[in-house]
Amino acid sequence: MKSSLLSRKEKILEAALVLFAKNGYADTSTKEIAANAGVSEALIFKHFGNKDALLAHLIKSGYRRVLQHHRGMMTYKNAKDFIRNMIFLPSKLVAEEPMFWKLQERLSHIPFSKSQHEQFMKPVHPIIIRAFKELGYANPEIEAQLLLLVIDMLWKKEACGDIENSLDLALLLEEKYNLI
């Protein structure tokens, strides 16, 4: 989308996302956001109240978009498809919205951001356990925990650009779980 077609509020959100992801939340001022968005700093406060509320809006709306765009992938059809979808989801998500996931990685230790991510992942855990039970794994709870830890590490590494072979790792997981 061309930035001339964006509303001023959307320009603020876009500029804030890029700057927070690149420079970090603490090292980004509302003055910088306003300059990059081509708006007044007062407009940021008018729309969002403060920098914390702007960040909260970015995080919540990011997860809303993910849920809307990937509802089908997160729907349980059968055990193998669900686990396969979960294995490949991190790469898809980061490829689609690299700045959002880079921001999330940078903020993963901050309580609000962490809680939003946990809310996003919470419904997945029991479904992965169910899938491993259906596939006959001896300890489905531990397999689910392991897979979720790997998935968590993959999206974080991919968001930072610290991994070049994430597809190979996903394919290895697919093979490990006999999903092919």
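# Exercises on domains and side-chain pairs

Across the interface of domain 1 and domain 2, two residue pairs are in polar contact, both at pLDDT 80 or more. A polar contact is a pair of N or O atoms within 3.5 Å; within protein, one must be able to donate a hydrogen and the other to accept it, and residues adjacent in sequence count only if both atoms are side-chain atoms.

This is a predicted model: local features need pLDDT of at least 70, side-chain atom pairs count only at pLDDT 80 or more, and totals for chains, interfaces and linings use all residues. Residues are numbered from 1 along each chain as its sequence is written, and side-chain values use heavy atoms, with hydrogens and water left out.

**Exercise 1.** Describe the interface between domain 1 and domain 2.

*Solution.* 
- Step 1: find the parts. Domain 1 covers 8-49 and domain 2 covers 59-177; the bounds come from an automatic or database domain assignment.
- Step 2: Eight residues of domain 1 and six residues of domain 2 make the contact (heavy atoms within 4.5 Å).
- Step 3: take the area. The two domains bury about 590 Å² between them, with 73% of it on carbon and sulfur atoms. Buried area is the accessible area (1.4 Å probe) that two parts lose on being put together, summed over both.
- Step 4: sort the residues. On the side of domain 1 that touches domain 2, five are nonpolar, two polar and one charged. Here Ala, Val, Leu, Ile, Met, Phe, Trp, Tyr, Cys and Pro count as nonpolar, Asp, Glu, Lys and Arg as charged, and the others, Gly among them, as polar.
- Step 5: count salt bridges. Between the domains there are zero.

**Exercise 2.** Is His70 buried or exposed, and which side chain does the side chain of His70 join in a polar contact?

*Solution.* 
- Step 1: locate His70. The loop between helix 4 (51-69) and helix 5 (79-96) holds His70. Helices are DSSP runs (H or I, at least four residues), numbered from the N terminus.
- Step 2: read the accessibility. His70 has a relative accessible area of 5%, so His70 is buried. Buried means under 20%, exposed over 50%, partly exposed in between (1.4 Å probe, protein chains only).
- Step 3: find the partner. The side chains of His70 and Glu96 are in polar contact at 2.7 Å.
- Step 4: list the neighbours. Not counting residues up to four places away in sequence, His70 touches Leu89, Leu93 and Glu96.

**Exercise 3.** How many salt bridges does the whole structure hold?

*Solution.* 
- Step 1: search. There are six; each is a side-chain nitrogen of Lys or Arg within 4 Å of a carboxyl oxygen of Asp or Glu.
- Step 2: Glu143 and Lys176 meet at 3.8 Å, N to O. Glu143 is in helix 9 (residues 140-160) and Lys176 in helix 10 (residues 166-176), 33 residues apart. Glu143 is buried at 18%; Lys176 is partly exposed at 41%.
- Step 3: take a pair within helix 5. The closest N and O atoms of Arg84 and Asp81 are 2.8 Å apart. These residues are three apart, so about one helical turn separates them.
- Step 4: take Lys156 and Asp152, at 3.1 Å. They sit four residues apart in helix 9, so about one helical turn separates them.
- Step 5: look for a network. Salt bridges that share partners join Asp81, Arg84 and Glu174.

Key:
Helix = DSSP H or I, 4+ residues; strand = E, 2+ residues; numbered from the N terminus.
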